[in-house]
Amino acid sequence: MAQTTAGNPSIPDTASETAVASAPFTGRPRPRARGLAHGLVEDLGEKIRSQQLRPGDKLPTESAIMQSFGVSRTVVREALSKLQAAGLVETHHGVGTFVLQPRAAGMFRLDSADIATSVDVLAVLELRISLETESAGLAATRRTEEHLLAMRQALDDFERNVSAAGDTVAPDFRFHLQIAQATGNPYFADIMSHLGTTIIPRTRITAIRNYDRRGEYLSRVNREHEEIYAAIARRDPESARAAMRIHLTNSRERLRLAQEAAQKAAGPAPAPSA
């Protein structure tokens, strides 16, 4: 859990938080060509890297960021999910978003052999963001206690297997499939069943399976799953949609960043011979 400058994981130091909230957030003009969310990520990311925002600092509220940058809540949430995927911040439900200690290892790395596969996996993740975001919202409205129990069992199996270094793919897929089934619309479940476990990126990309033997990657996935489950359990469709979108956007962003790093390391493609 992220620590505040006072060392309290749940209640940030008031003076520190006030200082962060009042810090200037107008260093860059409003982003245009590359997207509002991308510009916001760059601005906040620069403040974190330059230590204007230090590890343990709590970011201003979504409303404060919206007002400072003149952007919508959707843009702010997308930007925060990208910062989470990059390992710069972490959000604790009901508490806030905190700056993380920089990690020496950064993120998982792709080998050149994984690049082609990652393009396909990114495409599938884009499909899943559209499909499963709405699926989560419908599930929150229509789920039964039996659906909720099946989701809980899948999450418990996932968490147990993370601790025991066992199979996490099957319970991961089961959790997402149970959400599709809880929509009451058979077509959601049919599409998920057709895609199968190949929708889970780590089944197809070796670098993800080899990344972070301590299980930090999977622990983060588990926390994101729990946020989705909690929203569905309390019948909150908007929060369920937001939690699912953040989960899948984080997966997409982690993979995209790794892909860009791998392509840069591989260098430019050789020019075709005459």
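From the N terminus on, the elements of this chain follow the order α-α-α-α-β-β-α-α-α-α-α-α-α. That order comprises 11 helices and two strands. The model is a predicted one. Of the 274 residues in the chain, buried residues make up 46%. Among contacts between residues at least 6 apart in sequence, 72% join residues at least 24 apart.

## The largest pocket

The largest pocket holds about 840 Å³ of space. It is lined by 30 residues, and those closest to its centre are Glu62, Thr91, His92, His93 and Ile246. Several elements give two or more residues to the lining: α3 (62–69), α4 (73–85), β1 (89–92), β2 (96–99), α10 (216–233) and α11 (237–266). By class, the lining has 10 nonpolar, 10 polar and 10 charged residues.

Helix α8 covers residues 186–195, and within it Phe188, Ala189 and Met192 are buried. Why do these residues lie on the same side of α8? They cover an arc of only 90° around the axis, and therefore share that side.

At the start of α8, a side-chain oxygen of asparagine 185 comes to within 3.0 Å of the backbone nitrogen of tyrosine 187. After α8 comes glycine 196, which has a positive phi, near 70°.

Glutamate 132 is placed in helix α5, which spans residues 115–142. Is glutamate 132 buried or exposed? Glutamate 132 counts as buried because its relative accessible area is 2%, and the cut-off for buried is under 20%. The side chain of glutamate 132 makes a polar contact with the side chain of arginine 128, at 2.5 Å. When neighbours within four places in sequence are left aside, glutamate 132 is in contact with His176, Met192, Met244 and Leu248.

## Threonine 168 and valine 169

Threonine 168 is found in the loop between α6 (145–163) and α7 (169–182). With a relative accessibility of 6%, threonine 168 is buried. Residues up to four places away in sequence not being counted, threonine 168 touches Phe158, Asn161, Val162, Arg202 and Leu218.

Valine 169 belongs to helix α7. Valine 169 is buried as well, its relative accessible area being 17%. Which residues does valine 169 contact, leaving aside its neighbours within four places in sequence? They are Thr197, Ile200, Arg202 and Thr203. Valine 169 and arginine 202 are 33 residues apart in sequence, while their C-alpha atoms are 8.1 Å apart in space.

## Residues in other loops

Glycine 35 lies in the loop between α1 (14–22) and α2 (36–49). Between glycine 35 and valine 75 there are 40 residues of separation in sequence and 9.2 Å in space, C-alpha to C-alpha.

Most residues other than glycine have a negative phi, and most peptide bonds are trans. Glutamine 51 has a positive phi, near 70°, and is a residue other than glycine. Glutamine 51 is located in the loop between α2 and α3. Arginine 235 is likewise not a glycine, yet its phi is positive, about 60°. The loop that holds arginine 235 is the one between α10 and α11.

| Residue | Relative accessibility | Class |
|---|---|---|
| Glycine 35 | 24% | partly exposed |
| Glutamine 51 | 33% | partly exposed |
| Arginine 235 | 44% | partly exposed |

Partly exposed applies to these residues because the class covers the range between buried, under 20%, and exposed, over 50%.

Conventions:
Residues are numbered from 1 along each chain as its sequence is written. This is a predicted model: local features need pLDDT of at least 70, side-chain atom pairs count only at pLDDT 80 or more; totals for chains, interfaces and linings use all residues. Side-chain values use heavy atoms; hydrogens and water are left out. On a 1 Å grid over the protein atoms alone, a cavity is a set of points where a 1.4 Å probe fits but cannot get out, and a pocket is an open set with protein on both sides within 12 Å along at least five of seven lines; lining residues have an atom within 4 Å of a point. Grid points are joined across faces, edges and corners, and a volume is the space filled by probe spheres set on the points. Helices (H or I, at least four residues) and strands (E, at least two) are DSSP runs, numbered from the N terminus. Ala, Val, Leu, Ile, Met, Phe, Trp, Tyr, Cys and Pro count as nonpolar, Asp, Glu, Lys and Arg as charged, and the others, Gly among them, as polar. Buried means under 20% relative accessible area, exposed over 50%, partly exposed in between (1.4 Å probe, protein chains only). The arc is that of the directions from the helix axis to the C-beta atoms. A polar contact is a pair of N or O atoms within 3.5 Å; within protein, one must be able to donate a hydrogen and the other to accept it, and residues adjacent in sequence count only if both atoms are side-chain atoms. Contact means heavy atoms within 4.5 Å.
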